[in-house]
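I opened my notebook to get to know a new structure. Here is what I looked up, entry by entry.

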Amino acid sequence: MSAAPLAGLREEIWWRSARGRVTVRAMGNSTAYPVLRTDDAGTAYTQARRLCALLEQEDEVWLTAELRTAGEVRRMAALLPGGTFDHTRPRSDPVTGRYAEFDLDVTTADDAALEAHLPLDIIEEVPAGNVVARFAKALGDGAAAIEWHGRWPDEPTAGHYGSPPYDGVQIAFHGDRAQRGRWTEEHTVFVHVTKFGDLPRARKLAAHIGSEVLGEPQLGW
């Protein structure tokens, strides 16, 4: 499958989640286990990167964020040139009643024009690297997520096998759900495994960062 259809599918998943609907992919969703919850975003990022270091391969990184101020929009526009912005909550055209897309050029629009459309969401696929760390530092108080997709190594003796495209690590900033849910003060780190689940592997990954599996598994990406 080409990259473009995959990108389109992933975008559809995010927007459906952003609008409060559960998303189910045709080939099934990963199982997400919460393994850390903290009120310190820096700690969440550091521990998530420790988990990412265990991935046998890191295929793609997805960044998503709710932007609540014009300043946040401008920071993200500078950090992610060409990123896709849209209304966090669907809007209708007052004349036609149809869905109204966000079509402002965020690089030239003034603060008043941007503020009329807030909050906005951004979604972007990026290569692993410094931009991900800078994204985490640029976030405001809105819900956001970083998703590292990859493959956990095979461990035949323990009955664990890598399972792309399900495997990976996620931080839900200001959230406690793998698929976007209610806003919270805290940030949650998830490990994602096969759609059939793998609690022993999740426990082993949690122990790697001195933690444990926190609660029930959730529907992942």
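Before I start on the strands, a word on pairing: two strands count as paired if DSSP finds at least two bridges between them. I also keep in mind that this is a predicted model.

**Entry on the strands.** I looked up the partners of strand β2, which covers residues 57-67. With β5, β2 pairs in the antiparallel sense, over 8 bridges. In this pairing I found V61 opposite W148 of β5. I then turned to strand β4, residues 120-126, which is joined to β2 by 7 bridges and also runs antiparallel to β2. Here A65 stands opposite I122 of β4.

**Entry on H149.** I stayed with β5, residues 144-151, where H149 is found. Is H149 buried or exposed? I noted a relative accessibility of 6%, and since buried means under 20%, H149 counts as buried. I also checked what the H149 side chain touches: it makes a polar contact of 3.1 Å with the side chain of E147.

**Entry on two helices.** I reminded myself that two packed helices are described by the angle and the distance between their axes. I looked up α3 (residues 70-79) and α5 (residues 130-138): their axes come within 11 Å and cross at roughly 175°. Angles over 145 degrees count as roughly antiparallel, so α3 and α5 are roughly antiparallel to each other. Which residues make the contact? From α3 I listed R75, M76 and L79, and from α5 V131, R134, F135 and A138. I sorted these residues into 5 nonpolar, 2 charged and no polar.

Methods. Residues numbered from 1 in each chain as written. Predicted model: local features only at pLDDT ≥ 70, side-chain atom pairs only at ≥ 80, totals over all residues. Heavy atoms only, no water. Axes fitted to C-alpha atoms, helices over the stretch in contact; angles between N-to-C directions. Helix = DSSP H or I, 4+ residues; strand = E, 2+ residues; numbered from the N terminus. Parallel < 35°, antiparallel > 145°, perpendicular 65-115°, else oblique. Contact = heavy atoms within 4.5 Å. Nonpolar A, V, L, I, M, F, W, Y, C, P; charged D, E, K, R; others polar. Buried < 20%, exposed > 50% of the residue type's maximum accessible area, 1.4 Å probe, protein only. Polar contact = N/O pair within 3.5 Å; in protein donor to acceptor, adjacent residues only side chain to side chain.
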